[in-house]
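Here is a short report on packing, aromatic contacts and strand pairing. Keep the sequence and the model open while you read.

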Amino acid sequence: MKPYPVSFCTTIALLTIAATAVASAQVKTEPVPPLLRSKPPVIEPTMPPAHPFHDSRYGVTFTVPAAWDVNRKDAEVSTFNLDARTIARTTQLRAVASIDFNPHPNSTFSGALFYFSVTPHVTPAECSAQATAQAPRTASTAEIGGVPFTHGYDEHGGICTESRDEIYTTPRNNACYRFDAVINTFCGGDVSGVQDIAPHELDAVRHRMQKILDSVHFDN
């Protein structure tokens, strides 16, 4: 067999190298297939939803807002005797709803609590006095669930107002029904990054608590 000329062999080799380079380039530029999309993760609720509270003994129902918790016993999330300072010795706490988060984390806000309590066997005057004992001149009348209540308040603190309690009482079924809407704060002072809670922030918290009062319903 007659051998091929050197120039022909060189040409064949160069063509082979070029073809290999083109194939390699084609492999490198091949589009990457898209990743398979997985189902979005199920987000579990971290705060309780809105739900009704009902006291069958005294016939009172109200709605606990979303992100609030409710308990029937004191000392689990609250200090009833310290927050509601004008209660009688025989007053019975029936429920306390407490906010589960801080809506104003950069402020001096420290908590909000809504109490429902009953004092049995007291006169209407004694019942009214629970709401007006600390600030009698500012007492007024408010309607809750179609029932007239005496409305007063109590506040206390050292350097600043650390607790404000809006008190509502009414004589009913030979007892005194009482609601307390308590907002607790602390004195800012030199705490870094914390500002005194602003009036509009306080109003926002009061609005949340007013919605609880607006939901109150009496069985009879």
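## Helix α3 and its packing

The buried residues of α3 pack against β5 (109-120), β7 (147-156), β8 (163-172) and β9 (175-185). In α3 (residues 124-132), the buried positions are C127, Q130, A131 and T132. Buried means under 20% relative accessible area, exposed over 50%, partly exposed in between (1.4 Å probe, protein chains only). Helices (H or I, at least four residues) and strands (E, at least two) are DSSP runs, numbered from the N terminus.

This is a predicted model: local features need pLDDT of at least 70, side-chain atom pairs count only at pLDDT 80 or more, and totals for chains, interfaces and linings use all residues. Residues are numbered from 1 along each chain as its sequence is written, and side-chain values use heavy atoms, with hydrogens and water left out.

## Nonpolar cores

The largest nonpolar core has 33 residues. F62, F116 and F179 have the most contacts inside it. A nonpolar core is a set of buried Ala, Val, Leu, Ile, Met, Phe, Trp, Tyr and Cys residues joined through side-chain atoms within 4.5 Å. At least two residues of this core come from each of β2, β3 (68-71), β4 (92-99), β5, β6 (140-144), β7, β9 and α4 (199-214). Another core lies apart from it, with eight residues, including F80, L93, L113 and Y115.

S117 is found in strand β5. It counts as buried because its relative accessibility is 0%. Leaving out residues up to four places away in sequence, S117 touches F80, T91, Q92, L93, R94, C176, Y177, R178 and D180 (contact means heavy atoms within 4.5 Å).

## Aromatic contacts

The structure holds 10 aromatic pairs. Rings of Phe, Tyr and Trp (its six-membered ring) pair if their centres lie within 6.5 Å; planes under 30 degrees apart count as stacked, over 60 as edge-to-face and the rest as tilted. Y58 and Y177 pair edge-to-face, at 5.8 Å centre to centre and 90 degrees between the planes. Y58 lies in the loop between β1 (51-55) and β2 (60-64) and Y177 in β9, so the pair ties together parts 119 residues apart in sequence. Both Y58 and Y177 are buried.

One aromatic cluster takes in F53, Y58, F62, F114, F116, F149, Y177, F179 and F218.

## Strand β4 and its partners

Seven of the eight residues of β4 are buried. β4 runs antiparallel to β3, joined by four bridges. Here N71 stands opposite V96. β4 also runs antiparallel to β5, with six bridges. Q92 stands opposite V118 in β5. Two strands pair if DSSP finds at least two bridges between them.
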